[in-house]
Amino acid sequence: MAAQCVTKVELTIACTNLLDKDVGSKSDPLCVLLQNTSGQQWYEVDRTERVKNSLNPKFAKKFLIDYYFELVQKLKFGIYDIDNKTYDLNDDDFLGEFECTLGQIVSSRTLTKPLVLKNGRPAGKGSITITAEEVKDNRVVVLEVEARKLDNKDFFGKSDPYLEFHKQTGDGNWVMVHRTEVIKNNLNPAWRPFKISLNSLCYSDMDKSIKVECYDYDSDGSHDLIGSFQTTMSKLKEASRSSPVEFECINEKKRQKKKNYKNSGIVSVKHCEIIVECTFLDYIMGGCQLNFTVGIDFTGSNGDPRSPDSLHYLSPNGVNEYLTAIWSVGLVIQDYDTDKMFPAFGFGAQIPPSFQVSHEFPLNFNPSNPFCNGVQGIVDAYRACLPQVKLYGPTNFSPIINHVARFAAAATQQQTASQYFILLIITDGVITDLDQTRTAIVNASKLPMSIIIVGVGGADFDAMEFLDGDNGVLRSSSGEAAVRDIVQFVPFRKFQNSPKEALAQCVLAEVPQQVVNYFSTYKLQPPKNPAAK
């Protein structure tokens, strides 16, 4: 997947009922935004203007901040009463502060919370309201293009044409922004419809030049230019199926050599439409909930949990690779789920009271209510469950994938982009029911869900790499192809010496695109559509 442009979020701040620190007039407040990188280090990002004589200020200056779904971005908003000209805030009266994550703000869209003093007590009745808006141009151009009577560049057979679209940068250079597929052996090709963001095609400027080049493809890389033309979005927009916009494809070298040269073919734009596409934040701010489920591998190959070389062994400070993975991924996702109740399951163990093998048992042993309260609840349930089960086998993934898929299928009845499911499976490796798991994933690819697999320990994870469709499309045992790539696999050992945020960054980076791909494919709108303001 191509790296996404950074998403920028604009935060608007207002306060009510601030403490009054000025004698004879009201406070003159200012808001400062601090960001926490890691640990206790806060640094200033920006500050608003100072509003004179107001206990209920609405700040005009907005904070612009880069948003990353896969990170926990801690923010602190501090309100100060400014009574002097110095930049330093230490000599100004402190009116209260509020700490949260950017994820909490965007999932609420508007967040109103009480301000607190440095000692954690309420700052009078003071409160802060933070409103988030994505800064974006989410217009997309849909184009259908064909050509006729193209020059033949091949001695044997006919040309194999494709098109390249270029935009012009500020310094006059041309940058390729789209290449169509090659159509073999055809001088009258019709290319597949394609989509490209308006910003990518022409910097969202309707009158900016767009250069289109038509080439004859050669397998040795020496593609021959058939011809080119320039146009603008304003011109392309006039196209319709009943009256296409047509351009002569001109080859300058041929034109200079041949006296009676007309053109090297005609390129015809049959359809050009500008549509608005929802972004990941449109779905989140529009009320889409991310539902997080955890599946933990309790098979015998993990080793006896009481033995220090077991993957389930809890170190003296109470952690192991399973718990580290749960914390890392869970801390990011929890901001996007209002009730913070997460189902957690184990598989591959013999469980009480009869010690039958189970491939989807609730960690809290309560099938009617498998939910754990927050990420801490999952951790507590795991620690309580560990001494009560007997590690066994085999390693079957399909039951737990199918379990989450049933909920995802039920959510599709709502006809809006209201819920998306993320299943985190943590395993020590060798999978037994590979065919059933392939089929389960192919079925799940049609549903609002993504699967993250974290491999712990030192096993050979080839089968997992195979499930992660990055190297081609995953197929079920009957040959049916997955409609989307929904599996992301990472071996934990890659992150053993990295900061704790690194694992979540890696496994969650693809989730926003998977969410957008699913909902846009099925043309589902957010429950409260912020794009349609």
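Which backbone nitrogen lies 3.0 Å from a polar atom of the side chain of threonine 427? In this predicted model, that atom belongs to glycine 429. Threonine 427 itself sits in strand S24, which covers residues 419-427. Its relative accessibility is 0%, so threonine 427 counts as buried. Leaving aside neighbours within four places in sequence, threonine 427 is in contact with residues including Asp297, Tyr322, Thr395 and Phe397. Ile453, Val454, Gly455 and Val456 are also among its contacts. Phe461 and Met464 belong to the list too.

A polar atom of its side chain lies 2.8 Å from the backbone oxygen of asparagine 320. Threonine 324 and lysine 500 are 176 residues apart along the chain.

Four strands form an open sheet in the order S11-S10-S13-S14, with antiparallel pairing. Strands S11 (174-179) and S14 (224-231) stand at the edges. Each has a single partner strand, so one side of each is left without a neighbour in the sheet. On average, neighbouring strands of this sheet are turned by 30° against each other, direction ignored. Strands of a sheet pair through backbone hydrogen bonds, in either a parallel or an antiparallel sense. Here, S10 (residues 161-168) pairs with S11 in the antiparallel sense over 5 bridges. Lysine 167 stands opposite valine 175 in S11.

Two cis peptide bonds were examined next. Proline 352 and proline 353 are joined by a cis bond with omega of about 0°. Proline 353 lies in the loop between strand S19 (349-351) and strand S20 (356-358). Glycine 393 and proline 394 are likewise joined by a cis peptide bond, with omega of about -5°. Proline 394 is found in the loop between strand S23 (390-391) and helix H8 (398-411).

The loop between S19 and S20 also holds phenylalanine 355. Phenylalanine 355 is not a glycine, yet has a positive phi of about 55°. Its relative accessible area is 30%, and phenylalanine 355 is partly exposed. Tyrosine 203, although not a glycine, also has a positive phi of about 55°. Tyrosine 203 lies in the loop between helix H2 (198-202) and strand S13 (210-216). With a relative accessible area of 34%, tyrosine 203 is partly exposed.

Methods:
Residues are numbered from 1 along each chain as its sequence is written. This is a predicted model: local features need pLDDT of at least 70, side-chain atom pairs count only at pLDDT 80 or more; totals for chains, interfaces and linings use all residues. Side-chain values use heavy atoms; hydrogens and water are left out. A polar contact is a pair of N or O atoms within 3.5 Å; within protein, one must be able to donate a hydrogen and the other to accept it, and residues adjacent in sequence count only if both atoms are side-chain atoms. Two strands pair if DSSP finds at least two bridges between them. Helices (H or I, at least four residues) and strands (E, at least two) are DSSP runs, numbered from the N terminus. Axes are lines fitted to C-alpha atoms, for helices over the stretch in contact, and angles run from 0 to 180 degrees between N-to-C directions. Buried means under 20% relative accessible area, exposed over 50%, partly exposed in between (1.4 Å probe, protein chains only). Contact means heavy atoms within 4.5 Å.
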